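Reader: I am new to reading protein models. Could you take me through this one in short questions and answers?

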Amino acid sequence: MTERETLLLSSGNGPGECRQAVAHLLIRLAEEAALLGLDLDVAERAAPHGPASAVIVLTGTGAVDMARDWEGSILWRCPSSLRPRHPRKNWFAQIFRLAPAPVAVRIDPETVEMQAIRAGGPGGQHQNKTSSAIRARWVDPEGRAWSVVVRDNRSQHMNRRVALDRLSVLISAERAEAVASQKAAVHDLHGQIQRGDPRKIFEGEGFREVR
């Protein structure tokens, strides 16, 4: 069975610097997922200076281990670029593991936009740079858009099936988190940013990992 993990990356009630940390973390998570050969799909909740939160779906062998490795609070030590004279240099975000969405969203295949692209992906430096990829994008009636990138050498028909499955999982997870937040079930999570004993520590504008 394919491993699949759903994560919530949150800046909590923190200021813009914490949302900058979330943006940095999304890049790091995508890089690690690529090196491990995992698919990573993201639905961000936009805010000034960076995402306030993001729902992440990891798919592939090793998804469980990667989720466990990142679960917990994340500390970023860096002078504020938004408030240069601000004395604070410690900014926190947190990664939570979420239960799978209880109901899958059904998507009409005819409403999904498919675009062939050239892109790097799972495999890191050893990945075939000439391989093709498919970007699948779906927009709901309210204008909210989601997209995934499918990197493989299967038929267009198979690519479309994989893309529809991953879109469905991502949208279901993001919507379930949004509904739970409105009911305060996940809202409490956003307020539970731990500021002690961080899981990982990063430093500086380059977001260098030190632990």
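Author: Start with one term: contact means heavy atoms within 4.5 Å. This is a predicted model, where local features need pLDDT of at least 70, side-chain atom pairs count only at pLDDT 80 or more, and totals for chains, interfaces and linings use all residues. Residues are numbered from 1 along each chain as its sequence is written, and side-chain values use heavy atoms, with hydrogens and water left out.

Reader: Which residues is Leu58 in contact with, leaving aside its neighbours within four places in sequence?

Author: Neighbours within four places in sequence are set aside here. What remains for Leu58 is Glu3, Arg4, Glu5, Leu7, Ala33, Asp39, Leu40, Ala63, Met66 and Ala67.

Reader: How many helices and strands does the protein have?

Author: Helices (H or I, at least four residues) and strands (E, at least two) are DSSP runs, numbered from the N terminus. From that end, the order is β-α-β-β-α-β-β-β-β-β-α-α-β-β. The protein comes to four helices and 10 strands.

Reader: What share of the 211 residues is buried?

Author: Buried means under 20% relative accessible area, exposed over 50%, and partly exposed in between (1.4 Å probe, protein chains only). Under that rule, the buried share of the 211 residues is 47%.

Reader: Which residues touch the most other members of the largest nonpolar core?

Author: A nonpolar core is a set of buried Ala, Val, Leu, Ile, Met, Phe, Trp, Tyr and Cys residues joined through side-chain atoms within 4.5 Å. In soluble globular proteins, nonpolar side chains tend to be buried together. The largest core here has 26 residues, and those touching the most other members are Leu9, Leu25, Leu29, Ile56, Leu58 and Trp70.

Reader: Which element gives the largest share of this core?

Author: Two or more residues come from each of strand S1 (4-10), helix H1 (16-36), strand S3 (53-59), helix H2 (63-70), strand S4 (72-77) and strand S5 (90-98). The largest share is seven residues, and it comes from H1.

Reader: How many residues are in the second, separate core?

Author: This core includes Ala43, Ala136, Val148 and Val162. Its count of residues is 23.

Reader: How far does H1 reach from its first C-alpha to its last?

Author: The expected span of a helix is 1.5 Å times one less than its number of residues. H1 has 21 residues, with 30 Å expected. Its reach is close to that, at 30 Å.

Reader: Is Thr6 buried or exposed?

Author: Thr6 lies in strand S1. Not counting residues up to four places away in sequence, Thr6 touches Val55, Ile56, Val57, Phe96, Arg97, Leu98 and Ala173. Its relative accessible area is 7%, so Thr6 is buried.

Reader: How far apart in space are Thr6 and Ile56?

Author: In sequence, 50 residues separate Thr6 and Ile56. C-alpha to C-alpha, the distance is 5.7 Å.

Reader: Is Ser168 buried or exposed?

Author: Ser168 is in helix H3 (residues 156-182). Beyond residues up to four places away, Ser168 touches Ala104, Val105 and Ile107. Its relative accessibility is 11%, so Ser168 counts as buried.

Reader: What distance separates the C-alpha atoms of Val169 and Ala101?

Author: Val169 is found in helix H3. Val169 and Ala101 are 68 residues apart along the chain. Their C-alpha atoms are separated by 7.7 Å.

Reader: Which residues form the stacked aromatic pair with 10° between the planes?

Author: Rings of Phe, Tyr and Trp (its six-membered ring) pair if their centres lie within 6.5 Å; planes under 30 degrees apart count as stacked, over 60 as edge-to-face and the rest as tilted. The whole structure has four aromatic pairs. One of them is stacked, 4.2 Å centre to centre, and joins Phe202 and Phe207.

Reader: What is the phi of Phe207?

Author: Phe207 sits in the loop between strand S9 (200-203) and strand S10 (208-209). Its relative accessible area is 2%, so Phe207 is buried. Its phi is positive, in a residue other than glycine, and is near 55°.

Reader: Where is His49, and what is its phi?

Author: His49 is in the loop between strand S2 (39-45) and S3. At 49% relative accessibility, His49 counts as partly exposed. His49 is not a glycine, yet its phi is positive, about 75°.
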